[in-house]
Amino acid sequence: LAAKWSYWFNELRNTCIQLLGLLTTQRALFAPELANIYPDFVNVVASPLHLQAMEHRHISQYIKQFMDYVMVSCPSTLYQSHLAPILKPFFQHVNYRLQCTWAPIQEASSTISTKPLSTNDCDAASEVALRGGDEWFVSYYARGGLFVGDLDIVTGEAAVEKVRVELSRCFSDMLQAALALKGDWALVLATQSKEEQALKRNDASRLMTVPSTKIKQTNGPVNADGTPRSKFHLAIEARKTLRIRELCRFLLLGDENIAGFLVLNVFQCLAYPDAYTCRRCTRMCHRILEAVAWADNYTNLLAQNMFLTAVRVVVSEPKWMVGLELDMISLIRNTYCRLVLGQTLLPGGQGPGLQHAVDSTTSHFEQSKTVDNPLQGGGILCAKSDLPRKVLSDLPGISPEMVLELEQSLLLKRTAKEQKDALCDLMRIAAENVKESEGGSNSHFGVLGRATASESLLNRQTTGVVLALPEKLITHSMIMKQKDEQNTPDTPSLGKLFRLS
């Protein structure tokens with residue numbers, strides 16, 4: 001029986017977490033009858049001591065089965081009383097856990113081991129655990145809290161890598177669902193966008209079309225994913241849209257303790273060597289910009305953390321970033337346009353930059369009409385900030401004059417492609433200077449090493465020359481057309497009767 005204990009305990013823990021998820025999805029947790037015992041409930045499920053003791057795999061289940069549901073299911077009127085007491089300790093703990101988890105991977109000189117705990121290491125680990133404090137938790141999170149007994153080293157390290165990546169991905173997926181970038185809420189926004197396009201083009205057939213990968217199940221209107229519309233879909237979607245806006249506002253503007261650790265977690269994930277997490281965090285950063293770029297108290301965070309992290313990652317050209325460069329360039333563009341140039345973009349950093357006029361009395365930009373609606377593009381920082389300029393001018397080989405030239409280019413050419421190309425040209429100069437300062441040496445290997453010239457987006461030609469074919473291209477359709485013309489009898493026509501010889 002002793003061999004089955006770990007399996008039983010794991011199933012018991014997962015069952016308890018799943019019951020918490022059912023408690024939130026069925027709204028029983030938010031019933032007035034439970035209001036008196038709710039503080040005791042929070043002291044158990046959101047206790048910092050309990051969160052610290054969990055392994056990575058337990059925290060991942062906790063996020064997927066409870067935190068994801070409690071954020072989406074909580075009524076908007078209860079965010080401050082029921083959601084805030086759970087989110088404050090949770091985001092603070094996740095910030096510390098993620099830092100300890102990825103620090104040994106990012107820092108080449110780190111002496112912290114990421115190998116899982118084996119039978120031979122138990123005595124030394126128990127002494128560190130008795131002392132407690134950061135010394136224990138740093139090593140505990142670095143290995144994901146795993147104990148593998150006598151398992152071989154290769155399999156054990158693969159297990160640690162698996163739980164490390166799963167933790168970051170579960171966290172990013174949870175925030176995506178809360179910010180309506182994934183899941184049921186994202187489907188509501190996609191369906192509304194589909195209806196707006198149909199109305200704009202006066203084409204009702206667009207409401208009936210389904211994706212090419214789906215089978216049409218009804219002749220009536222369908223959602224963006226091809227599922228049939230419900231009977232009361234308008235009322236349901238109106239309620240969901242209201243909760244989408246309220247939750248976004250609460251998470252980013254309602255409580256400084258919640259918003260501070262939330263955005264720091266997202267910004268730090270941009271530099272973690274996991275393409276899945278990084279790509280999704282760039283989407284969340286766009287939503288954060290759309291919601292809070294106008295707020296002065298966010299300027300330092302956006303410029304000194306998010307913008308700086310994105311620029312450093314692009315200039316360092318790590319191998320794990322291959323294929324993600326355009327996503328990061330798009331985020332850099334969105335940040336610079338909103339904080340410096342007074343330009344708004346479409347949601348997600350798409351479309352051309354819309355330049356806003358300058359007030360002649362205050363020398364500030366006029367605020368966007370969609371500043372209170374992040375889902376429609378959000379706002380800008382009226383008093384332009386010099387912090388993003390300083391970040392760029394501090395790059396190796398970049399002077400303040402080059403930054404000013406970049407700004408002039410971004411102001412004159414406001415299409416997405418032209419602005420991204422201008423930013424890529426500047427980043428390429430900085431990347432080449434960084435590479436020269438390193439002397440060709442690479443302190444990291446594998447996915448953390450620098451990408452080669454053929455892999456890096458910055459080293460590719462922005463415009464390619466298409467050479468002409470050496471001979472005339474003859475296709476099958478051209479041959480068949482020529483045969484049909486030869487087989488067609490030459491019948492006289494009126495045009496030939498009056499043709500002048």
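Me: Thanks! To start, where does Ser363 lie?

Reply: Ser363 sits in the loop between strand E4 (350-355) and helix H15 (387-393). Helices (H or I, at least four residues) and strands (E, at least two) are DSSP runs, numbered from the N terminus. Before we go further: this is a predicted model, in which local features need pLDDT of at least 70 and side-chain atom pairs count only at pLDDT 80 or more, while totals for chains, interfaces and linings use all residues. Residues are numbered from 1 along each chain as its sequence is written, and side-chain values use heavy atoms, with hydrogens and water left out.

Me: What makes Ser363 exposed or buried?

Reply: The cut-offs on relative accessible area decide: under 20% is buried, over 50% is exposed, and partly exposed is in between (1.4 Å probe, protein chains only). Ser363 has a relative accessible area of 56%, so Ser363 is exposed. Its phi is also worth a look, being near 60°, a positive value in a residue other than glycine.

Me: Since you mention H9, how do you know how its length compares with the expected span?

Reply: The expected span of a helix is 1.5 Å times one less than its number of residues. Helix H9 (residues 183-200) has 18 residues and reaches 26 Å from first C-alpha to last, close to the expected 26 Å. Helix H12 (residues 275-292) also has 18 residues, and its reach of 26 Å is close to the 26 Å expected.

Me: What makes H12 mostly covered, and which residues of H9 are buried?

Reply: In H12, 13 of the 18 residues are buried. In H9 the buried residues are Trp185, Ala186, Val188, Leu189, Thr191, Lys194 and Ala198. Their cover includes H4, H8 and helix H10 (233-254).

Me: Why is H4 called roughly parallel to H8?

Reply: Axes are lines fitted to C-alpha atoms, for helices over the stretch in contact, and angles run from 0 to 180 degrees between N-to-C directions. Helix H4 (residues 56-73) and helix H8 (residues 153-178) pack at about 5°, with axes 9 Å apart. Angles under 35 degrees count as roughly parallel, over 145 as roughly antiparallel, 65 to 115 as roughly perpendicular and the rest as oblique. H4 is therefore roughly parallel to H8. Contact means heavy atoms within 4.5 Å; among the residues making it are Ile59, Ile63 and Met67 of H4 and Leu167, Phe171 and Met174 of H8.

Me: What makes His93 and Trp136 buried?

Reply: His93, in helix H5 (residues 79-106), has 7% relative accessibility and so counts as buried. Leaving out residues up to four places away in sequence, His93 touches Leu51, Gln52, Ile59 and Tyr141. Trp136, in helix H7 (residues 133-142), has 17% relative accessibility and so counts as buried too.

Me: How do you know how many disulfides there are?

Reply: A disulfide is a pair of cysteine sulfur atoms within 2.5 Å, and the structure holds zero of them. For Cys269, the nearest cysteine sulfur, that of Cys281, is 4.2 Å away. The sulfur of Cys424 is 14 Å from the closest cysteine sulfur, in Cys337, so it is too far for a bond. Cys269 has a relative accessible area of 0% and is therefore buried.
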